[in-house]
Amino acid sequence: MSGRHEEAGEYLMVAAAVHARIDSARIRSVEGMGFAAVREGPTLEATVALTAEAVGNLPEPPEGPIVAEGGEFYEEPADRVGLSFQPDFKYVESIGERETVQAAHHAAYAARDLLL
């Protein structure tokens, strides 16, 4: 997620979803990326909807869980946030998951820079 801060009186939030095959310590392969952007203020509802749209824009739906950092969803419990995602949702637990989330952050920042 990128752009949850106001700039020049407006927001541009960009989310990137990375479909990756991982093991416990690293990314094995990236199967695809999905992106979504919105010019809306950063609320929990807007953030969840934007992220769900990015996941929906993946070339293929993920087989495993959707993983994010708790801070992306304002530290809301994973079971509450997970109601908006399929197949499953959870917060980062392994190094491989953290690496995948970092790749998504970098992709979102880069996409946001291109859109500005």
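**Figure 1. The loop that holds P87.** P87 sits in the loop between α2 (78–81) and β4. Helices (H or I, at least four residues) and strands (E, at least two) are DSSP runs, numbered from the N terminus. The peptide bond joining Q86 and P87 is cis, with omega about 10 degrees. Most peptide bonds are trans. This is a predicted model, in which local features need pLDDT of at least 70 and side-chain atom pairs count only at pLDDT 80 or more, while totals for chains, interfaces and linings use all residues. Residues are numbered from 1 along each chain as its sequence is written, and side-chain values use heavy atoms, with hydrogens and water left out.

**Figure 2. The whole chain.** The chain has three helices and four strands. Read from the N terminus, the order of the elements is β-β-α-β-α-β-α. The C-alpha trace spans about 40 × 30 × 25 Å along its principal axes. A compact globule of 116 residues would have a radius of gyration near 13 Å, and the chain agrees because its own value is 13 Å. That radius is taken over C-alpha atoms, and the globule rule is 2.2 Å times the number of residues to the power 0.38. Of the 116 residues, 40% count as buried. Buried means under 20% relative accessible area, exposed means over 50%, and partly exposed is in between (1.4 Å probe, protein chains only).

Figure 3. A8 lies in the segment before β1. Phi of A8 is positive, about 55 degrees, although A8 is not a glycine. A8 counts as exposed because its relative accessibility is 85%. Y74 lies in the loop between β3 and α2. Y74 also has a positive phi, near 55 degrees, and is a residue other than glycine. With 34% relative accessibility, Y74 counts as partly exposed. Most residues other than glycine have a negative phi.

**Figure 4. H19 in strand β1.** H19 is part of strand β1. Its relative accessible area is 8%, so H19 is buried. Leaving aside neighbours within four places in sequence, H19 is in contact (heavy atoms within 4.5 Å) with S29, V30, E31, G32, L58, E60, P61 and P62.

**Figure 5. H105 in helix α3.** H105 belongs to helix α3. H105 counts as buried because its relative accessibility is 8%. Not counting residues up to four places away in sequence, H105 touches M1, E69 and E72.

**Figure 6. R26 between two strands.** R26 is in the loop between β1 (13–22) and β2 (27–38). R26 counts as partly exposed, since its relative accessibility is 42%. R26 and S94 are 68 residues apart in sequence, and their C-alpha atoms are 9.0 Å apart in space.

**Figure 7. The largest pocket.** About 600 Å³ of space lies in the largest pocket. On a 1 Å grid over the protein atoms alone, a pocket is an open set of points where a 1.4 Å probe fits, with protein on both sides within 12 Å along at least five of seven lines; lining residues have an atom within 4 Å of a point. The lining of the largest pocket has 30 residues, and V18, P65, I66, V67 and T100 lie nearest its centre. The elements that give two or more residues to this lining are β1, α1 (44–56), β3 (66–68), β4 (89–91) and α3 (95–115). β1 gives the most, with eight residues.

Notes: Points joined across faces, edges and corners; volume = space filled by probe spheres on them.
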